[in-house]
Amino acid sequence: MNIAIVGGGAAGLMAAAAVQEARPNLGVSLIERNPELGKKVVISGGGRCNVTTGATPLGAVLESYPRGRAFIEYAMRRFPPQAVVAWFEAHGVPLKTEEDLRVFPQSDEGRSVVRVFEKLFQSSNSNVRVLLRTHVTGVKKSGRGFALSVRDGESIEADRLVLTTGGQAYRMTGSTGDGYAFAESLGHTVTALAPSLNSFFTAETWPKELSGLSIVRARLRAADGKKSYEGPFLFTHRGVSGPAVFALSALVAFETYDALHPLMISIDLSPAERLDALAGRLANLSRTNGKKNLKTVLGFALPKALAGVLVRAVGADGDMQAAQATKKLLTACAAWMKAIPLSVVGRGAGDEFVTAGGVETAEVNPRTMESRITPGLFFAGEILNVDGFTGGFNLQSSWATGRLAGESAATG
Ligand SMILES: Cc1cc2nc3c(=O)[nH]c(=O)nc-3n(C[C@H](O)[C@H](O)[C@H](O)COP(=O)(O)OP(=O)(O)OC[C@H]3O[C@@H](n4cnc5c(N)ncnc54)[C@H](O)[C@@H]3O)c2cc1C
């Protein structure tokens with residue numbers, strides 16, 4: 001028996017390694033269109049590769065997947081973040097967990113992660129044949145297995161096929177969404193697709209004045225109030241960005257918005273404090289600093305640069321003496337701080353990190369990653385309708401589903 005794995009990214013690399021570990025004698029063709037393996041892994045995490053997350057327990061980790069949470073649970077229990085860390089460390093890549101629980105190679109070098117696999121496949125007892133610069137253009141069933149057509153090359157036959165072609169974000173890395181058509185040609189449904197983990201452009205221009213200002217903790221909410229996320233974010237020259245924005249973008253990935261139909265969001269700068277408590281705090285600050293001007297005093301409760309935006313937003317005179325600020329005015333200030341309104345008119349181009357949507361997970365067995373429609377066909381990684389927030393979750397699910405697909409293809 002032989003196995004073809006199409007796509008030498010995170011999921012494909014781990015699938016091939018899993019086959020090699022489970023059944024070293026089995027022949028594997030790992031097919032990658034690029035001249036090198038793991039291009040996206042190398043550039044991930046700003047070139048440092050945020051390999052996985054240090055968050056625990058697994059239930060909390062699964063909360064970070066807006067789509068595919070239940071589907072990946074089995075794969076994630078078999079190969080959870082701690083096991084991923086142990087696996088890479090056992091293969092010679094010491095890792096470190098940063099304060100925000102993102103896990104990186106101690107070397108801060110994404111390339112060291114891919115090197116693990118290159119070494120594994122180059123070892124003398126490896127039966128993984130790495131086919132670089134090999135662009136698969138179509139797949140079909142043939143006899144008991146599959147036939148893969150290759151651009152400018154001979155077709156490849158395989159008994160089992162693992163599709164790990166990724167999503168279609170950052171297409172210059174080679175992940176152009178080819179696998180969706182392959183999956184459809186083998187009878188699968190591909191859901192609607194949308195970019196996720198992007199920054200937001202806003203109609204309001206004032207964020208530009210604060211460009212670079214980061215807020216450690218805020219709750220960002222979409223207008224319906226149901227979708228929200230608490231975490232750090234920052235203002236940019238065109239709107240807002242950072243982890244909480246990326247997470248909210250994932251939650252609203254399938255909503256359409258533009259200049260004519262903006263997506264209204266709000267930012268709560270003080271999520272742990274009720275409105276009346278915050279208003280009371282502002283009143284205290286104004287009383288005890290009564291001779292200072294209002295803008296300065298508000299600057300004790302929120303970043304100074306934002307205090308200027310706040311007084312403008314509530315139509316107050318920032319130069320007035322704080323002692324003169326009425327309760328009504330201070331309550332309006334508190335209300336603004338609890339729900340700063342922004343109209344999102346676009347996604348930050350090019351910085352989307354994953355594709356939301358993909359191969360319909362109901363058609364794939366979560367305990368094996370095998371197709372329920374075409375036996376012998378397996379899926380893993382971002383090609384599936386699975387996506388996570390930033391913080392190592394997308395690579396984590398790719399390692400976990402890749403490992404399970406490889407083991408199942410090798411042994412099932
Ligand atoms: C800039 C950026 C930074 C990121 N940072 C992080 C991070 O720090 N942590 C994190 O968890 N996630 C991060 N992600 C997301 C994460 O990298 C992906 O979700 C993950 O790599 C998906 O793995 P995959 O194996 O499914 O697909 P990919 O890594 O996209 O691999 C798919 C492979 O298939 C190949 N391929 C596609 N079509 C064909 C074909 N027809 N023939 C042959 N080969 C083909 C492609 O060339 C590619 O190498 C980042 C993404 C981007 C774009």
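The protein chain splits into two domains: domain 1 takes residues 2–193 + 356–411, and domain 2 takes 198–351. Keep in mind that this is a predicted model. Between the C-alpha centres of domain 1 and domain 2 the separation is 39 Å. As for contacts, six residues of domain 1 meet seven residues of domain 2. On the domain 1 side, the residues touching domain 2 are four nonpolar, one polar and one charged.

Next, helix H7, which covers residues 178–185. Which of its residues are buried? They are Asp178, Gly179, Tyr180, Phe182 and Ala183. After H7 comes glycine 187, and its phi is positive, near 95°.

Now to proline 366. Where does this residue sit? Proline 366 is in the loop that runs between strand S18 (354–356) and strand S19 (377–379).

What does proline 366 touch, leaving out residues up to four places away in sequence? The contacts are Phe71, Tyr74 and Ala75. For a distance to another part of the chain, take alanine 192: this residue and proline 366 are 174 residues apart along the chain, and their C-alpha atoms are separated by 21 Å.

Conventions:
Residues numbered from 1 in each chain as written. Predicted model: local features only at pLDDT ≥ 70, side-chain atom pairs only at ≥ 80, totals over all residues. Domains from an automatic or database assignment. Contact = placed C-beta atoms within 7 Å. Nonpolar A, V, L, I, M, F, W, Y, C, P; charged D, E, K, R; others polar. Buried ≥ 20, exposed ≤ 12 C-beta atoms within 10 Å, placed from the backbone. Helix = DSSP H or I, 4+ residues; strand = E, 2+ residues; numbered from the N terminus.
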